[in-house]
Amino acid sequence: GTPPRGEEAIFDEQELSEVPADFASKAARATKVTLIKNKFTTFPSQVLSLRAVLELSLAENELTSLPDELGNMAQLENLDVSENKLPSLPAGVCRLSNLKMLTAFKNELTELPDGIGAMKALVEINVFNNKITALPPGIGQLGNLEMLNVASNKLASVPPLTGLVNLKRLALFWNKISVLPPLDHMKDLEELQLSKNTIGELPSVQGLVALKSLTINNNNLTGLPPSLGSCSSLEEVAAASNQITSLPETLGDMPELTKVVVSQNKLTEIPLSLLKVAGLATLDFADNALTDVPADVGSLDSLTNLFVQGNKITKLPSSLSNLSGMKRVTLTGNPLVADDEETKAVVEKLKGFCETNKGKFQGAEPEAGGGGGPAGFVCA
């Protein structure tokens, strides 16, 4: 087990560019040492002789390099060098065989050390917002890793991640990735974040029964894999701003699903299989090519948000008048038939529900006679 946490030596926000005179006496037995938000431009060598420290932070300084000797601090479990000016991490860091958390977000890193696969104790790697162009193959062999955040970098590809069998969160958003490696061995994965890449196809997610959230907005998908239906814990699917033309029938197989966001795609219908999921709370099909809203939407008692603006919907089914829990409805930018009594009645009902539930209704109010098309109105 972990040794009992001892003293802390905190030297934060003191404008320090070198360690103070009492550093050695205060920090010698401390298990937690932090020098956060100071003015260090070089790594303070006095830190290297500390042998009790398990948790070390030099976040928010102006460091441009770390010494290779950092690797001699074999007892370290948690190292935070985020928000500095580091272009690389020294190879020595890979000798930190007890390190569980490596945090280096918001630096100038262009790569990670090749030997990172030796750091078998790692549970979390966070190198968000750097300039990393490729990941070393060894990163895919870290069997204890639970969180890998390499979002907001310059990755064009991802190596095989075969060994990451305990991963819970994989954050790859905001890169230049077009092809993903297999993911279906990640049976503990809960959160998969892939937005803002150039991914053309999501690989099989068969049997990812722990997955709760999939975000893959702003990519080049033309569809979603049918294997998604096997993700029995999935609560949220966000795949807006792609080229998706149809959704798999298997979406209806996910009992925990509450939120589906597929705006700005090329969908022509809301699949009826999806509407079998009783707990749906948010449906966002805005800016697609829908011609109608299925009557089955009216049987979704949990629905609170319906976004179908910017489609080709001409009429609304009377069943929507049952949705008394609605808070937010947006219908603008549809060619709703002005003199359709059923649609008019539904619009009034939905508007009333949104007001009662202190939400927001935005809809095209059907207008009798000719004129310049439907008049939009906003009721906050």
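A charge is taken to sit over a ring if NZ of Lys or CZ of Arg is within 6 Å of the ring centre and within 35 degrees of the ring normal. In this predicted model, such an arrangement is found at Trp174, where Lys196 lies over the face of the ring at 4.2 Å from the ring centre.

In one of them, the rings of Phe11 and Phe23 have centres 5.3 Å apart and planes at 50°, so the pair is classed as tilted. This pair links distant parts of the chain, since Phe11 is placed in the loop between β1 (8-10) and α1 (23-27), whereas Phe23 belongs to helix α1, twelve residues apart. Phe11 and Phe23 are both buried. The other pair is formed by Phe128 and Phe173, whose ring centres are 6.1 Å apart and whose planes meet at 50°, so that this pair, too, is tilted. Because Phe128 lies in the loop between β6 and β7 and Phe173 in the loop between β8 (169-171) and β9 (191-193), the pair ties together parts that are 45 residues apart in sequence. Phe128 has a relative accessibility of 23% and therefore counts as partly exposed.

The loop between β6 (124-126) and β7 (147-149) also holds Gln141, which is partly exposed at 42% relative accessibility. Apart from its neighbours within four places in sequence, Gln141 is in contact with Lys120, Gly163 and Leu164. The C-alpha atoms of Gln141 and Met119 are 9.5 Å apart in space, with a separation of 22 residues in sequence.

Asn357 is located in the loop between α2 (341-356) and β16 (360-365), and its relative accessibility of 25% places it among the partly exposed residues. When neighbours within four places in sequence are left aside, the contacts of Asn357 are with Ser324, Gly325, Met326 and Lys327. Between Asn357 and Pro225, which are 132 residues apart in sequence, the distance from C-alpha to C-alpha is 36 Å.

With regard to cysteine, a search of the whole structure finds zero disulfides. Cys231 has a relative accessible area of 0% and is therefore buried, while Cys354, at 1% relative accessibility, likewise counts as buried, the limit for this class being under 20% relative accessible area.

Terms used:
Residues are numbered from 1 along each chain as its sequence is written. This is a predicted model: local features need pLDDT of at least 70, side-chain atom pairs count only at pLDDT 80 or more; totals for chains, interfaces and linings use all residues. Side-chain values use heavy atoms; hydrogens and water are left out. A disulfide is a pair of cysteine sulfur atoms within 2.5 Å. Buried means under 20% relative accessible area, exposed over 50%, partly exposed in between (1.4 Å probe, protein chains only). Helices (H or I, at least four residues) and strands (E, at least two) are DSSP runs, numbered from the N terminus. Contact means heavy atoms within 4.5 Å. Rings of Phe, Tyr and Trp (its six-membered ring) pair if their centres lie within 6.5 Å; planes under 30 degrees apart count as stacked, over 60 as edge-to-face and the rest as tilted.
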